[in-house]
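Here are my notes on the model you sent over.

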Amino acid sequence: MKKLLTLVLALALVMSVAAASAATTLKLSEVHAEGYPTTLADQEFARLVEERTEGRIKVEVYSGGSLYGEETGAIEALQLGDIAFSRVSASPVSSYVPKMNAIQMPYLYKNADHMWAVLDGEIGQNMLADIEASGSGLVGLCWYDAGARSYYTTKQVSSVADMKGLKIRMQNNAMMVDMTNVLGGTGVTGIGPNEVYSAIKQGTIDGAENNWPTYQNMGDYEAATYYVLDEHTRVPEVLLASAAVLSELDPADVEIIKQVAKETQEFEKEKWAEKEKASEEIVRAAGCTITELTPEAYAEFQAAMTSPSDVLGGISLYEKYGKDYQDVIDAITAVGENF
């Protein structure tokens with residue numbers, strides 16, 4: 001009996017080792033650090049994939065840019081099939097699905113609920129499908145939250161007139177630079193995220209723009225103590241998969257992966273809300289001046305985007321960057337009528 005039990009245990013061990021060796025291990029690239037909302041969502045995605053595939057697929061999350069420091073590098077790796085997944089901003093994905101630029105237009109959404117109604121509705125889901133249909137080798141799995149970006153400066157801004165003459169660090173994005181220029185400021189590029197604090201302190205710039213967590217995490221709130229909640233853009237994140245890698249998997253497991261991704265969207269939104277609230281509390285406790293625009297002031301910022309501007313040669317920012325996607329912009333605006 002003892003020998004039989006030993007044989008059974010040995011057989012079970014062999015089967016367990018065989019099953020483990022048969023598991024497929026896939027890599028996920030994430031530029032954000034441990035504990036960041038998107039990283040937590042990546043890890044939840046990995047947990048659920050392994051659980052739902054009964055261990056057939058394991059996902060290893062490489063956070064903090066340990067695989068690729070730039071999201072564009074991760075996208076290229078996805079296209080080559082070198083990695084299976086990556087969480088990236090919607091911005092670089094627009095290179096493959098140009099109409100995704102429409103969801104990034106300034107002062108487009110009334111609030112977060114408006115944006116999520118768009119992303120969860122026909123517009124957003126069609127865009128995810130368009131990523132896969134683009135021939136780019138990318139598959140859009142789901143959207144993640146990245147909050148709203150607002151200006152923070154060394155003096156209070158409560159109207160468009162207050163923007164005049166301010167030098168603002170911007171992402172290396174032509175539309176975003178033009179947005180600041182149209183408002184009367186000067187968009188400045190070439191300053192990395194880690195250099196913003198010192199650039200403000202040295203007077204090279206008068207401020208920058210970003211969401212609550214970044215404003216707080218980077219310590220910029222200590223250099224630019226005025227934060228105006230103009231919420232000029234809401235650019236969501238996207239969890240991408242490699243079409244080449246998915247094609248090598250069992251179709252049933254691919255469906256599990258796609259379903260699990262959808263589930264982690266709500267998880268990430270909750271984690272984002274928690275982080276956003278915590279960062280806001282820290283900034284307010286530090287004594288920073290937080291300005292909420294009046295409806296009239298917000299309308300003024302919004303109107304600047306659709307009005308002809310000398311800065312842009314007599315056309316509006318929306319005409320310059322949105323004319324090819326006007327139907328999508330109109331549809332997004334129509335969704336906003338319910339908010």
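What follows is a set of numbered points, from the ground rules through the whole chain and its sheet to a few single residues.

1. Ground rules. This is a predicted model, so local features need pLDDT of at least 70 and side-chain atom pairs count only at pLDDT 80 or more, while totals for chains, interfaces and linings use all residues. Residues are numbered from 1 along each chain as its sequence is written, and side-chain values use heavy atoms, with hydrogens and water left out.

2. The chain as a whole. The C-alpha atoms fill a box of roughly 90 × 45 × 35 Å along the principal axes. Of the 339 residues, 49% count as buried. The cut-offs there are under 20% relative accessible area for buried, over 50% for exposed and partly exposed in between, with a 1.4 Å probe and protein chains only.

3. Take the contacts between residues at least 6 apart in sequence: 74% of them join residues at least 24 apart, where contact means heavy atoms within 4.5 Å. The accessible surface is about 15,500 Å², and carbon and sulfur atoms own 51% of that. Areas come from the Shrake-Rupley method with a 1.4 Å probe, and for residues only the protein chains shown count as cover. On charge, there are 26 positive and 49 negative ones, and their mean positions sit 5 Å apart. Lys and Arg are the positives, Asp and Glu the negatives, with His and the chain ends not counted; each charge is placed at NZ of Lys, CZ of Arg, CG of Asp or CD of Glu.

4. The five-stranded sheet. In what order do the strands of the open sheet run? The order is β2-β1-β3-β10-β4, with mixed pairing; two strands pair if DSSP finds at least two bridges between them. β2 (57–62) and β4 (138–144) are at the edges with a single partner strand each, so one side of each has no neighbour in the sheet. On average, neighbouring strands are turned by 25 degrees against each other, direction ignored. For angles, axes are lines fitted to C-alpha atoms (for helices, over the stretch in contact), and values run from 0 to 180 degrees between N-to-C directions.

5. Who pairs with whom. β1 (residues 24–29) and β3 (residues 85–89) run parallel and are joined by two bridges. Ser 29 has Ser 86 as its bridge partner in β3, and Ser 86 in turn has Leu 240 as its partner in β10. β3 and β10 are antiparallel over five bridges. β4 and β10 are antiparallel too, over six bridges, with Leu 138 partnered by Ser 242 in β10.

6. β10 itself. Six of its six residues are buried. In a regular strand the side chains alternate between the two faces of the sheet. Here Glu 237, Leu 239 and Ala 241 point one way, and Val 238, Leu 240 and Ser 242 the other. Note that Glu 237 is among the buried ones.

7. Helices across the sheet. Helix α3 (residues 71–80) lies across β1, β3, β4 and β10 (237–242), at about 140 degrees to β3. Helix α6 (residues 122–133) lies across β4 and β10, at about 155 degrees to β4.

8. Which way does Tyr 107 go, buried or exposed? Tyr 107 is buried, at 1% relative accessible area, and lies in the loop between α4 (90–93) and α5 (112–120). Its phi is positive, about 55 degrees, although Tyr 107 is not a glycine. Glu 231, in strand β9 (residues 226–233), also has a positive phi, near 45 degrees, and is partly exposed at 30%.

9. Two more residues. Thr 204 is in the loop between α8 (196–201) and β8 (207–210), partly exposed at 42% relative accessibility. Neighbours within four places in sequence aside, Thr 204 is in contact with Lys 167 and Ala 199. Asn 217, in helix α9 (residues 212–217), is partly exposed with a relative accessible area of 39%.

Notes: Helix = DSSP H or I, 4+ residues; strand = E, 2+ residues; numbered from the N terminus.
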